[in-house]
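This report describes one protein model and its ligand. Please look at the sequence and the structure before reading on.

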Amino acid sequence: MGKSRVLIIGATGNLGHQLAKASLQSSHPTFALVRDSAFSHPHKRHILQTLSDAGATLLEGSIEDESSLVEAMKQVDVVICAVSSKQVLDQKPVIKAIKRAGCIKKFIPSEFGLDPEKTQTSDLDHGFYSRKAEIRHLIEAEGIPYTYISCNFFMNYLLPSLVQLGAKTPPMDKVTIFGNGNVKGVFVKQSDIAAFTISAVDDPRTLNKVVYLRPPGNVYSMNELVELWESKIGKKLDKVYVTEEELLKKIKETPFPDNMDMVFIYSAFVKGDQTYFDIEASGGVDGTQLYPHQKYTTISEYLDTLLEEK
Ligand SMILES: NC(=O)c1ccc[n+]([C@@H]2O[C@H](COP(=O)([O-])OP(=O)(O)OC[C@H]3O[C@@H](n4cnc5c(N)ncnc54)[C@H](OP(=O)(O)O)[C@@H]3O)[C@@H](O)[C@H]2O)c1
């Protein structure tokens, strides 16, 4: 059996670009559904040219245009959607088009974060996770074969500052730790998330499952992160602990969406939403166990790159 033909929706985006690259690198015939407007944007045009040079087929269309979706889907076996978190519900026409096309053997919707059925922030996150869960329910109600990728945090989100609010670089003197600092979170580099995702495309073990990414070397508590960073810079930092109550108060006092970084920190490093549950064989699989040979960047290696920038 040949490799599945893969359609990426969102190939000009941060993650979608990596997904398209990984798909091409794995020799999947790769298609990208691209809006006409992307070609007038120099950076996006460059991405599209590079993908096209590497063998991708660019199809003009939009998730707002169902006929372009159906036309694209008739040419492929698998659809991966990587539209932004603001557009999660805009995937409804994609689901409709998959039903109409009738040939799609797997849909990977735009999730790529925490498992929306496991998070404990529904009173705080302005529907961020309930929208992703709604899309899951729709996919399942329509009987569409799926894989959900629960990759936890992207490495370029929060980690460049060592989880310091409003900072772009890691702390050198004083560090803020949320909660007791012992709750573990997970960071995975986007290109690695893309590689794991593409490995799942033709893997029957991932059919109708959630693929969780918790690679060894990428699961750290805030106390462990700080200790690791201290060992790299050869210096102890002053630690300020923000209690759960203080963080919740600040989240409630800060208007949406400015409070969302705090909500995500609360979810991961106070509630433990990325790691509090075991991966159950009935609905989930562990991506690093499925693909033990897949190389990935560890948190320590990533922090070394920050050190080089100092
Ligand atoms: N876990 C984490 O830490 C984390 C962090 C960030 C994002 N994420 C998740 O990753 C996923 C992707 O997010 P991202 O930040 O990579 O997205 P992004 O960079 O904003 O890219 C969005 C993509 O969607 C495309 N798009 C927008 N409207 C479209 C339409 N009408 N038709 C077709 N394509 C359209 C855009 O194309 P144009 O070039 O035409 O605009 C672009 O390629 C989301 O599910 C998000 O929640 C997770």
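## Terms and numbering

Helices (H or I, at least four residues) and strands (E, at least two) are DSSP runs, numbered from the N terminus. Just after helix H4, for example, Gly-102 takes a positive phi of about 70°.

Residue numbers start from 1 along each chain as its sequence is written. The model is predicted: local features need pLDDT of at least 70, side-chain atom pairs count only at pLDDT 80 or more, and totals for chains, interfaces and linings use all residues.

## Helix H4

Which residues of H4 (residues 92-101) are buried? A residue is buried if 20 or more other C-beta atoms lie within 10 Å of its own, exposed if 12 or fewer, and partly exposed in between, with C-beta atoms placed from the backbone. In H4, the buried ones are Val-94, Ile-95, Ala-97 and Ile-98. These residues lie on the same side of H4 because they cover an arc of only 165° around the axis; the arc is that of the directions from the helix axis to the C-beta atoms.

The cover over the buried residues of H4 includes strands E1 (6-9), E4 (78-81) and E5 (106-108), as well as helices H3 (66-73) and H5 (128-141). Contact here means that the C-beta atoms of two residues, placed from the backbone, lie within 7 Å.

## Strand E4 and its partners

Strands of a sheet pair through backbone hydrogen bonds, either parallel or antiparallel. Two strands count as paired if DSSP finds at least two bridges between them. E4 pairs in the parallel sense with E1 over four bridges, and Leu-7 stands opposite Val-79 in E4. E4 also pairs in the parallel sense with E5, over three bridges; there, Val-78 stands opposite Lys-106 in E5.

From E4, Val-78 and Ile-80 point one way, Val-79 and Cys-81 point the other way, and all are buried.

## A sheet of three strands

An open sheet has the order E7-E9-E11, with mixed pairing. Its edge strands are E7 and E11 (219-221), each of which pairs on one side only. E7 and E9 (residues 184-188) run parallel and are joined by two bridges. Phe-153 stands opposite Phe-187 in E9.

## Around the ligand

A residue is near a molecule if its C-beta atom, placed from the backbone, lies within 6 Å of it. Of the 28 residues around the ligand, Gly-10, Gly-13, Asn-14, Ser-84 and Ser-85 come nearest. Helix H1 (14-25) and strand E7 (153-154) each supply at least two residues of the shell. The largest share, three residues, comes from H1.
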